[in-house]
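Here's a quick walk through some ring contacts and strand pairings. Have the model open as you read.

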Amino acid sequence: MNTPLQNGLGHIYGPGRTASTEGMFPVWLEQDGSRIMGGIIDLQFEYKSGLKVVDIYPESIRTATPCYKKEVGAYVPIPTYRILSDVTSESTTVEIAHWEGVALLKKNMVLVNPSDTSKTITIGTISNTSDGNYQIAIDAGAIGEMKAGDCLILSEASSWDVEGLTKTNLMYVGADPKSKLNITLIDRGRLLSEVAPALPKVLKEKLQTVKYE
């Protein structure tokens, strides 16, 4: 079994990689992998919106990020956005985590409530709270009622099945944006839910051997 320290750094094909763990949390408590899958993430993969992986994850991808299997050996991160405070049907703002290694918000992105895909928001002006997280204005009721720890998901990824969660923190600050990341995915283990990228219930049900603690 790998220790959290051993899982602190990932691997990349290409020049210019800078390795650093500052600000990045190892979130796995245990990995015993019923099925440990290796492959690559192409930073130039383009989502339907025209955004590329490197646009949403410009410097790093946090360990335990959910991934979709594009084809054998090729995976795509599923951008999820953690809600940091409860949202009611009357709420006109939503606070979203802006942490190192999690998906960035971009203007004109369409995000979906994975529990009710009829509930969507299009990102307009992006503001920040005093601690650096995102604060987004919404129409009351636009995303329904959500609890802190729930998440929104990029609309074009909302129908994707999750294949596994990234094993390591993938750090590629300063790397060639055309690089491909060498990854391992885990589909069995225990992790710290408060620091892992948020995973909606519908995807957790696909990975019942991963325990969020």
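## A charge over a ring

A charge counts as sitting over a ring if NZ of Lys or CZ of Arg is within 6 Å of the ring centre and within 35 degrees of the ring normal. This is a predicted model, and it has a case to look at: Lys204 lies over the face of Tyr212, at 4.4 Å from the ring centre.

## The aromatic cluster

A pair of aromatic rings is described by the distance of the centres and the angle of the planes. Rings pair if their centres lie within 6.5 Å, and planes under 30 degrees apart count as stacked. By that rule the count here is three aromatic pairs. One of them is Tyr47 with Trp160, a stacked pair with 6.1 Å centre to centre and 20° between the planes. Tyr47 sits in the loop between β3 (37–42) and α1 (53–56), while Trp160 sits in the loop between β13 (151–154) and β14 (164–166), so this pair ties together parts that are 113 residues apart in sequence. Tyr47 and Trp160 are both buried.

Trp160 also pairs with Tyr68, again stacked, at 4.3 Å centre to centre and 15° between the planes. Tyr68 belongs to strand β5 (residues 66–71) and Trp160 to the loop between β13 and β14, so here the parts tied together are 92 residues apart in sequence. Put together, ring pairs link Phe45, Tyr47, Tyr68 and Trp160 into a cluster.

## The three-strand sheet

Now for the strands. β8, β12 and β11 make an open sheet in the order β8-β12-β11, with antiparallel pairing. β8 and β11 are the edge strands, and each pairs on one side only. From one strand to the next, the twist averages 35°.

Strand β8 (residues 93–96) pairs with β12 in the antiparallel sense over four bridges. Here Thr93 stands opposite Ala137 in β12. Strand β11 (residues 126–128) is joined to β12 by three bridges, also antiparallel, and the bridge partner of Ser127 in β12 is Gln135.

## The hairpin and the two faces of β12

How many residues lie between β11 and β12 in their hairpin? There are five, and Gly132 in the turn has a positive phi of about 95°.

Tyr134 and Ile136 are on its covered face, whereas Gln135 and Ala137 are on the uncovered one. So much for the sides; the bridge partners mentioned above sit on that uncovered face: Gln135, partner of Ser127, and Ala137, opposite Thr93.

## The four-strand sheet

Which order do the strands take in the other open sheet? Its four strands run β7-β13-β9-β10, and the pairing is antiparallel. The edges are β7 (80–82) and β10 (116–122), each of which pairs on one side only. Neighbouring strands of this sheet are turned by 35° against each other on average, direction ignored.

Val110 stands opposite Thr122 in β10.

Definitions and conventions. Residues are numbered from 1 along each chain as its sequence is written. This is a predicted model: local features need pLDDT of at least 70, side-chain atom pairs count only at pLDDT 80 or more; totals for chains, interfaces and linings use all residues. Side-chain values use heavy atoms; hydrogens and water are left out. Rings of Phe, Tyr and Trp (its six-membered ring) pair if their centres lie within 6.5 Å; planes under 30 degrees apart count as stacked, over 60 as edge-to-face and the rest as tilted. Buried means under 20% relative accessible area, exposed over 50%, partly exposed in between (1.4 Å probe, protein chains only). Two strands pair if DSSP finds at least two bridges between them. Axes are lines fitted to C-alpha atoms, for helices over the stretch in contact, and angles run from 0 to 180 degrees between N-to-C directions.
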